[in-house]
Amino acid sequence: MEELNVKLRAVEPDDLDTLYRLENDPDVWRVSWGEAPVSRQMLWEYITNYTADVYRDRQLRFVIEAGGQAAGTIDISDFDPRNSRAMLGIAVDKESQHHGIAHKAVEQVVDYCRMALHLHQLAVLVPRDNEASMRLFLDSGFTTSGCLRSWLRRGTSYVDVMVLQRFL
């Protein structure tokens, strides 16, 4: 497969279907903090009211575009300019996985956080059993800094969540 051109861009109205798919995928919920369906109307309001003002909203969402198509999203959240840090989250469509797209998106958002936001560090929370995300972030220069024991409930059991950091 030829190497895809990956870029980060702002959320556009045409991204409604992509956001709807990602936000309503139970497999994504399993490795994130979501657990309830999101309506198209809710997402439309999000898109039309989105300001992309990270200093006001303390978060910023990028669409990951690969080969000219929306392939997922990568989010900066819990932005703390006083302490020069933020959290990251990423979701990539199933058909776009395993092509290096997520790795390129992480590198681009890390560069953005270093150059535009002047951050000192980024952190991610990854369920211990999410091997793909662990590999992605470890390969992207993040290091394990801790473990939140029994952090995520999965039915009648719990899963540990690993805290990974990258200093910029």
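**A helix crossing**

The crossing of α1 and α3 is right-handed, meaning that the near helix is turned clockwise from the far one by less than a right angle. Happy to walk you through the rest. This is a predicted model, in which local features need pLDDT of at least 70 and side-chain atom pairs count only at pLDDT 80 or more, while totals for chains, interfaces and linings use all residues. Residues are numbered from 1 along each chain as its sequence is written, and side-chain values use heavy atoms, with hydrogens and water left out.

Helix α1 covers residues 16-23 and helix α3 residues 40-49; helices here are DSSP runs (H or I, at least four residues), numbered from the N terminus. The two pack at an angle of about 125 degrees, their axes 10 Å apart. Axes are lines fitted to C-alpha atoms over the stretch in contact, and angles run from 0 to 180 degrees between N-to-C directions. At that angle, α1 is oblique to α3, since angles under 35 degrees count as roughly parallel, over 145 as roughly antiparallel, 65 to 115 as roughly perpendicular and the rest as oblique.

On the α1 side, Leu-16, Asp-17, Leu-19, Tyr-20 and Glu-23 take part, meeting Arg-40, Leu-43, Trp-44, Tyr-46 and Ile-47 of α3; contact means heavy atoms within 4.5 Å. Of these contact residues, 7 are nonpolar, none polar and 3 charged (Ala, Val, Leu, Ile, Met, Phe, Trp, Tyr, Cys and Pro count as nonpolar, Asp, Glu, Lys and Arg as charged, and the others, Gly among them, as polar).

Asp-93 is found in the loop between β4 and α5.
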